[in-house]
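Let us walk through this protein one stop at a time. Keep the structure in view and find each residue as it comes up.

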Amino acid sequence: MSPFDTAVKDLERQWADDPRWNDVQRTYSAADVVRLRGSVGVEYSLARQGAERLWWLLHNEDYINALGAMTGGQAVEMVKAGLNAIYLSGWQVAADANLSEQVYPDQSLYAANSVPAVVRRINNALRRADQIEWAESAGKPAAGHPRHWMVPIVADAEAGFGGALNAFELMKAMIEAGAAGVHWEDQLSSEKKCGHMGGKVLIPTGQHIRTLSAARLAADVCGVPSIVVARTDSLGATLLTSDVDERDRDFCTGERSPEGFYYVRNGMDIAAARGLAYAPYADLIWCETSTPDLDEARTFAERIKAEYPDKLLAYNCSPSFNWKKHLDDETIGRFQKELGSMGYAFQFVTLAGWHALNESTFALARGYAERGMSAYVELQQREFSLEPEGYTATRHQREVGAGYFDDIMSTLTAGASSTLALHGSTEEEQFDK
């Protein structure tokens, strides 16, 4: 048997025997995948480890909750604080973290490789934190076991920035950067809007299935069990590009917009219908909502699980919601636990990094403008007070690796270097260890 045929048989066996693929339907064959891989195999270890860990967490925890990180430093603090996953929002990338060096609304205006770049940036920050802690503790931190720094990242692919080929290439870029999972929404990429904006235009159901299949194909070609998340915006969208798919026709009103789009009846019926159509091709299903409504979430979950009882769900605990306007404190406190019991295994606050960064910076700047150094010292004292809980960024030189690179220099000079950075620094002299 040729190497090609052997690889095909091995992949067919893997898909048949591994429980990971029990509920996954592919529109292509193992031979297609092997043919597209080429003869040289590349190992994407961060993406693989992240995907495997995320899959394990999703099936062994009541639910996984995550915050949206904009920077590597934010991701490091999230892991230190105890979160087991990182969410990477396209909205945040558009607003203040894109390669176009612009401030944009969430309308796919930024360069398409911007999110993979932030995935890479976050993974690099997590790797540095791991290297620092490992080197300082010789692999034995105070808690008695190494911290799991390389938490899985679930990244936003928006509406794919184009057709199936764009989705295939974007998924590959996400994997190369080390993303564990990627979500895709069923909007027209050229008219893409934030899920909480108006004017959203859906693509036909079959077209989004093709997007999901392109993402899965890219992951299979890379040999990574990536988590594919299918999002539908149909609960609130009122426009559709075409009525070519018969699954969409029942929701068309028969009217057309000035741009030629078809008006559709939005709501739970179309959202559930699309969720069910996407379920065989995705690992998680996400229905974008306009309010934090447990009854609405339960209805969607029940309709998906009536046909796909083992299908996992995702939920956006969005900052676009005015939480206190809609829910009392007791309901807010149990909100995520209740979602978890419904099957929403991955829950996230999309824009947490953006709001945390802006609110804390404004509070500091206002205090500094009014009271000078007293305001900054208050911030520093708050940092000191958090150190018993695991916060370490007060010592900023050490936090970014000055000691780690001193270790490299000492290794190279057999301990004889006189140019070590931390030794004799103000941080070493003024901050107790």
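**A tour from the surface inward**

A414 is exposed, with a relative accessible area of 73%. The cut-off for that label is over 50%. Keep in mind that this is a predicted model. A414 sits in the loop between helix 17 and helix 18 (426-430). Its backbone is worth a look. Phi of A414 is positive, about 55 degrees, although A414 is not a glycine. Most residues other than glycine have a negative phi.

Where else does a residue other than glycine have a positive phi? Go to S108, where phi is near 55 degrees. S108 also belongs to a loop, the one between helix 5 (90-96) and helix 6. Is S108 buried or exposed? S108 counts as buried, because its relative accessibility is 15% and the buried label applies under 20%.

Now return to helix 17, which covers residues 402-412 and holds F405. F405 is partly exposed, at 42% relative accessible area. Follow the chain from F405 to L420. These residues are 15 apart along the chain, and their C-alpha atoms are separated by 8.5 Å.

Next comes a stretch of nonpolar surface. Y368, M373, Y376 and V377 make a nonpolar patch of about 380 Å². Which helix gives the largest share of this patch? Helix 15 (residues 373-386) does, with three residues. Y376 has its place in helix 15. At 33% relative accessibility, Y376 counts as partly exposed.

Charged side chains are the next topic. Side chains of opposite charge can pair when their charged atoms come close. How many salt bridges are there in this model? The count comes to 31.

Take R20 and D283 as one case. Their side chains meet in a salt bridge, at 2.9 Å from N to O. R20 lies in the loop between helix 1 (3-17) and helix 2 (30-37), and D283 lies in the loop between helix 10 (268-278) and strand 10 (284-287), so the pair ties together parts that are 263 residues apart in sequence. Both partners are covered. R20 is buried, at 8% relative accessibility. D283 is buried too, with a relative accessible area of 3%.

Another pair is E136 and R398. Their side chains form a salt bridge of 2.8 Å, N to O. This pair links distant parts of the chain, since E136 is in helix 6 (residues 114-137) and R398 is in helix 16 (residues 396-399), 262 residues apart.

Look also at R395 and E387. Here the salt bridge has an N to O distance of 2.2 Å. R395 is buried, at 17% relative accessible area. E387 is partly exposed, at 24%. Salt bridges can also share partners. D106, E158, E185, K192, K200, R231, D233 and E288 are joined into one network in this way.

Now find helix 13, residues 329-342. It has 14 residues. Its span from first C-alpha to last is 20 Å, close to the 20 Å expected at 1.5 Å a residue. Where is the kink in helix 13 centred? It is centred on F335, and the kink is about 45 degrees. F335 is also one of the buried residues of this helix. What covers them? The cover includes helix 11 (294-305), strand 11 (312-316), helix 12 (323-326) and strand 12 (344-349).

The last stop is M70. Look for M70 in the loop between strand 1 (64-68) and helix 4 (72-80). M70 counts as buried, at 8% relative accessibility. Which residues does M70 contact, leaving aside its neighbours within four places in sequence? M70 is in contact with Q92, D96, A97, V118, G353 and W354. Compare that with L313. M70 and L313 are 243 residues apart along the chain, and their C-alpha atoms are separated by 24 Å.

Methods:
Residues numbered from 1 in each chain as written. Predicted model: local features only at pLDDT ≥ 70, side-chain atom pairs only at ≥ 80, totals over all residues. Heavy atoms only, no water. Patch = residues over 30% accessible without salt bridge, like charges linked within 9 Å, V, L, I, M, F, W, Y side chains within 5 Å. Areas by Shrake-Rupley, 256 points an atom, 1.4 Å probe, with all protein chains shown as cover. Salt bridge = Lys/Arg side-chain N within 4 Å of Asp/Glu carboxyl O. Helix = DSSP H or I, 4+ residues; strand = E, 2+ residues; numbered from the N terminus. Buried < 20%, exposed > 50% of the residue type's maximum accessible area, 1.4 Å probe, protein only. Expected span 1.5 Å × (residues − 1). Bend = angle between axes of the 7 residues up to and from the residue. Contact = heavy atoms within 4.5 Å.
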